[in-house]
Amino acid sequence: MEHRAEARIDLLALASNISFLKSKAEVNLLAVVKADAYGHGLIEIGLAAQKSGADWLGVALLEEAIALRTHGVRIPILAWLVPPGSDFNSAAKHDIDVAVASIAALEEISKLQVKPRIHIEVDTGMTRGGFLDEWQELLNSDLSKLDIVGIFSHFARADEPAEQQNVEQLECFKVRVKELADVGINPPIKHLSNSAATLVNHAAAFDMVRTGIAMYGLTPDLENLGDSQKLSLKPVMQLRAKLHLVKKVQSGAPVGYGATAKTTQDTTLGVVAMGYADGIPRIAKDAGVFIDGKRAPIMGRVSMDQFVVDLGPNSTAKSGDWVVVFGDGSHGEYTADDWGSASLSINYEIVTRIGPRVPRIYAPHVY
Ligand SMILES: *Cc1c(COP(=O)(O)O)cnc(C)c1O
């Protein structure tokens, strides 16, 4: 059956981004594949990243890590959203490293016969994950029976390289590493950098970088770091959909729910077979699709399964034609960045929210 919409995932672009980021970092690379690999497909991307030279995989949830293991991932996997009450036995059984950010989690792991390897997460100023108020208690704890292989933290503003907070977090991280060393724990794997830091803050690379968005070929921050092309990244996902209906419409026609848009000339409208149930943001205003070498902007509100675009008065498009919703931008098509800006959001949210109804096709992009 022909699809009405598909997210085309270019695994060669992924491989190219991984080798580029590895050459930048000059240390091990952990490929972040949480949230269904940012919408690109957990297992496929996990296996492709492994094949393309990633040294580690990183996920939020233990379930994500276990799914990767049971589908043939052999390289180390770190799961970092593993609160007290998690199934630490399964983590150990599946050879999954876990982040520990609290005394409660540490105590649970201490009681186990077979323990998972641990990366101590420290809060260096983001005030989200990691040890903060319990840090001293951690230093006073008996850590001798635990297999602590890593210490890590996370930047809040790595995509704003000029911000003083980056310097402060880096310094704080070094202090925490030293304090842990002073009680006899020297984890061999220290890691701090996300994509943005990997690209612009080499001093923060330590023993490993954790790259997510850049590995998918997208910029961590359009305004401060520039777009994919400027960063030498290749967008991995191209989203395309079919026009399921094309119609000639007169000037002055109200379009869609709420009649929020009206045609201002006689024109051709196309009905695109995707909607907000598929992750097309309902709020998106200045986005659209690409067909026949030009952009066709959205008209009116995005509906659940469809949205309308203005193909222009001279369009020869017909029902069944493909349109590119977003791609790498090199042909003039909209990008995930454009959709992010058009919906007051960021590329991360655009790709991670492409819904499960949209099949992921592992193939080169097409026009
Ligand atoms: C999501 C995440 C990353 C990856 O961030 P990007 O900006 O996508 O590179 C790295 N580390 C942790 C702890 C994360 O949660």
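User: Hi! Asp36 first: what's its relative accessibility, and what does it count as?
Analyst: Hi! In this predicted model, Asp36 has 36% relative accessibility, so it counts as partly exposed, since that class lies between the 20% and 50% cut-offs.

User: Which element is Asp36 found in?
Analyst: Asp36 is part of helix α2. Its phi is worth a look too: the value is near 55°, which is positive, and Asp36 is not a glycine.

User: And Ala35, what's its phi like?
Analyst: Ala35 also has a positive phi, about 50°, although it is not a glycine. Ala35 sits in helix α2, which covers residues 34–38. With a relative accessible area of 38%, Ala35 is partly exposed.

User: OK, switching to the ligand. Which residues are around it?
Analyst: Val32, Lys34, Tyr38, Trp80, His154, Asn194, Ser195, Arg210, Thr211, Gly212, Ile213 and Tyr348.

User: How far is the polar side-chain atom of Lys34 from a ligand oxygen atom?
Analyst: That distance is 2.7 Å for Lys34. For Ser195, a side-chain N or O atom is 2.5 Å from an oxygen atom of the ligand. Gly212 uses its backbone instead, with an N or O atom 2.9 Å from a ligand oxygen.

User: How much of the ligand does the protein bury?
Analyst: The protein buries 92% of the 390 Å² that the ligand exposes when taken alone.

User: Arg210 and Thr211 were on your list of residues around the ligand. Are they buried or exposed?
Analyst: Both are buried, and both belong to strand β9, residues 208–211.

User: Nice. In what sense does β9 pair with β2, and over how many bridges?
Analyst: β2, residues 28–32, pairs with β9 in the parallel sense over four bridges. Leu29 has Val209 as its bridge partner in β9.

User: And how many bridges link β8 and β9?
Analyst: Two, again in the parallel sense, with β8 covering residues 189–193. Here the bridge partner of His191 in β9 is Met208.

Conventions: Residues are numbered from 1 along each chain as its sequence is written. This is a predicted model: local features need pLDDT of at least 70, side-chain atom pairs count only at pLDDT 80 or more; totals for chains, interfaces and linings use all residues. Side-chain values use heavy atoms; hydrogens and water are left out. Buried means under 20% relative accessible area, exposed over 50%, partly exposed in between (1.4 Å probe, protein chains only). Two strands pair if DSSP finds at least two bridges between them. A residue is near a molecule or strand if one of its heavy atoms lies within 4 Å of it. A polar contact is a pair of N or O atoms within 3.5 Å; within protein, one must be able to donate a hydrogen and the other to accept it, and residues adjacent in sequence count only if both atoms are side-chain atoms. Accessible areas come from the Shrake-Rupley method with a 1.4 Å probe; for residues, only the protein chains shown count as cover.
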